[in-house]
Amino acid sequence: MNYRKLITIPQKCVERALNHHLSWLGVAAALPLFGMVTAFAVAPGSRSAPAVEVEQVVQQLALPAFGETESKTRYWREEAVQRGDTIARLLNRLGVGGDEARRFLSSSPLSKGLMKLKTGATLSVQTNDAGELFGLRFLNDDENGEQVLVVIEKIGGEWRASADEVDAVAQPTMKSLTIEGGVAASLAAAQVPDEVRTQLAEIFSDRFDLDSLKAGDRVAVVYDTMLYQGSPVAVGNVLAAEVTRGVRVDEAYYFAHDSESGAYYDHNGEPLKKGLGQQPVAGARISSGFGFRRHPVLHKLRMHAGVDYAASTGTPIHAPADGVVTTAEAQNGYGNVVMVRHKGKLTTVYGHMSRFAAGMRTGKPVKAGELLGYVGSTGRSTGPHLHFEVRVNNQPVDPSSAALPSPGLSPSQKLAFREKSVRFTGQLAMLRSIPVNVAQLD
């Protein structure tokens, strides 16, 4: 029999099938023939393949050592300080180890006051993947009532601590959320800082109570975040905010009157707050505003927790509203200082007085316009002025926007206000269109 002819049969079938419009059907039909020919081609009579020699080799290979290696990757983590937190307790909560670091913290050269964490503050911690501590930092008030950046870090194998210089830059942050249940819980879940929540409550306090918001109401806010070496260390002013209560929408835009002061206005340029009624020093100008500034004595960048009024020694200082004196004493940084608690959760502070008014003492009730003391330069001061602070829930807020009377805008100021508010209006509109809670650091 001509075996070569048989072998060409399936080859021709495949060639014809591929050239035919039913090519795949032809290939399928040829498959059985392939199997038959293959079996026939190795029928008895063909030469067998030579045997292959197989040698079995057995060799033991040493496994590489899998020891723990030190992680060189370091990163910063932020944790909100809760009531009763200490540095040790917070580090335990974060799972951060390191006996050497803990020994240094327990014997830090910094004062106990600076090492005491404030509820609502942010503690930044630098660790590696193994949870080893390399540094931490947080803002705190020094003995003069000004905020400083506490930095504890490991440099060259040694732990060091400092509490002075703040090299921070401002960067806008946008957040939007829908109230679900309690207001405080909703804002906290959206990671809105305590300082921002305090500012929002004050900004809209003359229009509604922030705690009165209900489920389904929305809050959108743009505020400054202060960054130190790329990580957030503090919160600046709220720049714009929008609160939707049912069908009603309230807006607030910050407008700077000058380099030292400003206030919040609605979209028509009308002031949102009436303020406390009067300034503590009549007719005086604000010489140094609220926020980060270079300290005139220490020559370092500090957080100025109030405003300074330029006035000559002996100028009368009056209470801007009714209240009760909680402090009237001489302190190291503030000098002669008076603190007055007003209605709600608001407290005002008056520092560097030359002397107190007659009968000034802790527990004394005071009326709006009543004499508290006189401008001076006691404590840490370069010259006569009044250092004036406003605190809400013991957190400093900008007096010029939270407590002092908000002036109306002139026609030229209204034009400048509209130009500056356009960008924030667009950002709030964008946040309004997003149906979910968002947090964005630009």
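Analyst: Start with Arg218, which is buried (under 20% relative accessible area, exposed being over 50% and partly exposed in between, with a 1.4 Å probe and protein chains only) yet has no salt bridge. This is a predicted model: local features need pLDDT of at least 70, side-chain atom pairs count only at pLDDT 80 or more, and totals for chains, interfaces and linings use all residues. Residues are numbered from 1 along each chain as its sequence is written, and side-chain values use heavy atoms, without hydrogens and water.

User: Why does Arg218 have no salt bridge?

Analyst: A salt bridge needs a side-chain nitrogen of Lys or Arg within 4 Å of a carboxyl oxygen of Asp or Glu. The nearest side chain of opposite charge, Glu242, is 6.7 Å away, so Arg218 has none.

User: What joins the side chains of Arg218 and Thr178?

Analyst: A polar contact of 2.6 Å. The rule asks for N or O atoms within 3.5 Å, one able to donate a hydrogen and the other to accept it; residues adjacent in sequence count only through side-chain atoms on both sides.

User: Why is Leu149 called buried?

Analyst: Leu149 has 0% relative accessibility, so the residue counts as buried. Leu149 sits in strand β4 (residues 147–155).

User: Which residues of the lining of the largest cavity count as nonpolar, polar or charged, by number?

Analyst: Four are nonpolar, three polar and three charged. Among the lining residues are Lys273, Asp398 and Glu202.

Technical notes
Lys, Arg positive; Asp, Glu negative; His and termini not counted. 1 Å grid on protein atoms, 1.4 Å probe; cavity = no way out; pocket = protein on both sides within 12 Å on 5 of 7 lines; lining within 4 Å. Nonpolar A, V, L, I, M, F, W, Y, C, P; charged D, E, K, R; others polar. Helix = DSSP H or I, 4+ residues; strand = E, 2+ residues; numbered from the N terminus.
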